[in-house]
Amino acid sequence: MKKPATIVYGAEERPPGLVTLVSGVQHVAVIAIFMVYPLVLGRTAGAPAAEISDMLRLCMLALAFAVLLQALPRGPLGSRRLAPSIFTGIYLAPSLLAVKLGGLPLVWGMTIFAGLCEAVLAQFWVRLRTLIPPESAGMVVFLVGVIIGLAALHLLVGDGPGGSVAGRDAVVTGITLGVTIALNIWSKGPPRLFCILIGMACGYIAAAAVGLLSAHDIAVAVIDQPLIAVPSLTHLSWSFDSALIIPFAVSGLASAMSSTAVITTYQRIADADWVRPDMPAISRGIFADGIANSVAGLLGTFGLTVSTANVGLAAATGVVSRPIGFVVAAILVVLAFQPNLIGILVIMPPPVMA
């Protein structure tokens, strides 16, 4: 495998300690953006703030496990890449349906099922992929985008009279979205790379300015929280509903398709002599993705998949070193025991989420 000129540290190279740490922190920052999905789910289910906090900290453990599996140097699991996972909109629609039918326990049980479906698909993926045209992957991406947009609109108008958006909600949403779009289109480098994170930060400030976020909220959820605490497991339970088999099985298939595209991109950007996808590595990556999904369900979190955003970060920085995956996992584990940091997400105003 020949390293391209655009890559500074290849897949099996070990960068200096500072580069490794900074790269790991950047990947975690990108991952954190997508914590909004389990947060939306917890809010939709009406879970208390303490339970949502525990769920988000368990999310960190699930994500740490996922990135570890992909970074394994050998064995039947993993793409052998620095390929962190994120919580994905692919699972949003069936998870919201599951919440309405059976609450969070049904979401977690069906997420385990979806992960097992994906793990089984991985065993036959080399043969199945020829039966799935690229157009179908594009349709999946389009439909996921539509679902996310509808969920965002529901967050904005769900509690408004007659389906209207409150003025201050519109202001906060407009600022958050406007900053994100402006940075994405007209900026370069880190501002563009972290446009969503910066937009969210501006949204928090705007929400505080218009009274949607108070000093009391910040004190209770962030300042008054202990520096270190073990996430509780007492709220966990699981259920299964045969009526949701098809939606979650399709989500598992869509997750496999997404993972195929992302892992292929990792292979292409890291190898100047790349010609075609390494299907055995992709199958191992999908297998790991399925196992990680099932573990996410066991931990009471949300469906995840290999991150499209993080492969963009790797390409932009030129750092695709697989050992950094272990640093990313370590940072995520540390965050799982930091309730004050997770509290920042727990108090996210709905307009910012939208």
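Asn293 lies in helix H12 (residues 279-298), where helices (H or I, at least four residues) are DSSP runs numbered from the N terminus. The model is a predicted one, in which local features need pLDDT of at least 70, side-chain atom pairs count only at pLDDT 80 or more, and totals for chains, interfaces and linings use all residues. Residues are numbered from 1 along each chain as its sequence is written, and side-chain values use heavy atoms, with hydrogens and water left out.

Asn293 counts as buried because its relative accessibility is 0%; buried means under 20% relative accessible area, exposed over 50%, and partly exposed in between (1.4 Å probe, protein chains only). Apart from neighbours within four places in sequence, Asn293 is in contact with Tyr91, Thr111, Gly115, Glu118, Ser255, Gly303 and Leu304, where contact means heavy atoms within 4.5 Å.

Arg284 also lies in helix H12. With a relative accessibility of 21%, Arg284 counts as partly exposed. Not counting residues up to four places away in sequence, Arg284 touches Gly75, Pro76, Leu77, Gly78 and Arg80. Of these, Gly78 is 206 residues from Arg284 in sequence, yet their C-alpha atoms are 4.9 Å apart in space.

**Helix pairs**

Two helix pairs are set out below. Axes are lines fitted to C-alpha atoms, for helices over the stretch in contact, and angles run from 0 to 180 degrees between N-to-C directions.

| Pair | Axes | Angle |
|---|---|---|
| H3 (residues 49-71) and H14 (residues 324-336) | within 8 Å | roughly 165° |
| H11 (residues 245-270) and H12 | 9 Å apart | about 130° |

Angles under 35 degrees count as roughly parallel, over 145 as roughly antiparallel, 65 to 115 as roughly perpendicular and the rest as oblique. H11 and H12 are therefore oblique to each other, whereas H3 and H14 are roughly antiparallel.

H11 passes H12 in a right-handed crossing; a crossing is right-handed if the near helix is turned clockwise from the far one by less than a right angle, and left-handed if anticlockwise. On the H11 side the contact is made by Ser255, Ala256, Ser259, Thr260, Ile263, Thr264 and Gln267, and these meet Ala281, Ile282, Gly285, Ile286, Asp289 and Asn293 in H12. The residues of this contact divide into five nonpolar, seven polar and one charged. Here Ala, Val, Leu, Ile, Met, Phe, Trp, Tyr, Cys and Pro count as nonpolar, Asp, Glu, Lys and Arg as charged, and the others, Gly among them, as polar.

H3 passes H14 in a left-handed crossing. Residues of H3 in this contact include Arg57, Met60 and Leu61, while those of H14 include Gly325, Phe326 and Val328. The contact of H3 with H14 comprises 14 nonpolar residues, one polar and one charged.

**Nonpolar cores**

A nonpolar core is a set of buried Ala, Val, Leu, Ile, Met, Phe, Trp, Tyr and Cys residues joined through side-chain atoms within 4.5 Å. The largest such core has 77 residues, and Leu56 and Met348 have the most contacts inside it. Helix H4 (residues 92-123) gives the most to this core, with 12 residues. A second, separate core of 10 residues includes Ile7, Tyr266, Ala270 and Val320.

Leaving out residues up to four places away in sequence, Leu56 touches Met35, Pro38, Leu39, Ile342, Leu345 and Val346. Pro38 and Leu39 are among the buried residues of H2. Helix H2 (residues 36-44) is mostly covered, with seven of its nine residues buried. Just after H2, Gly46 takes a positive phi of about 75°.

Notes:
Helices (H or I, at least four residues) and strands (E, at least two) are DSSP runs, numbered from the N terminus.
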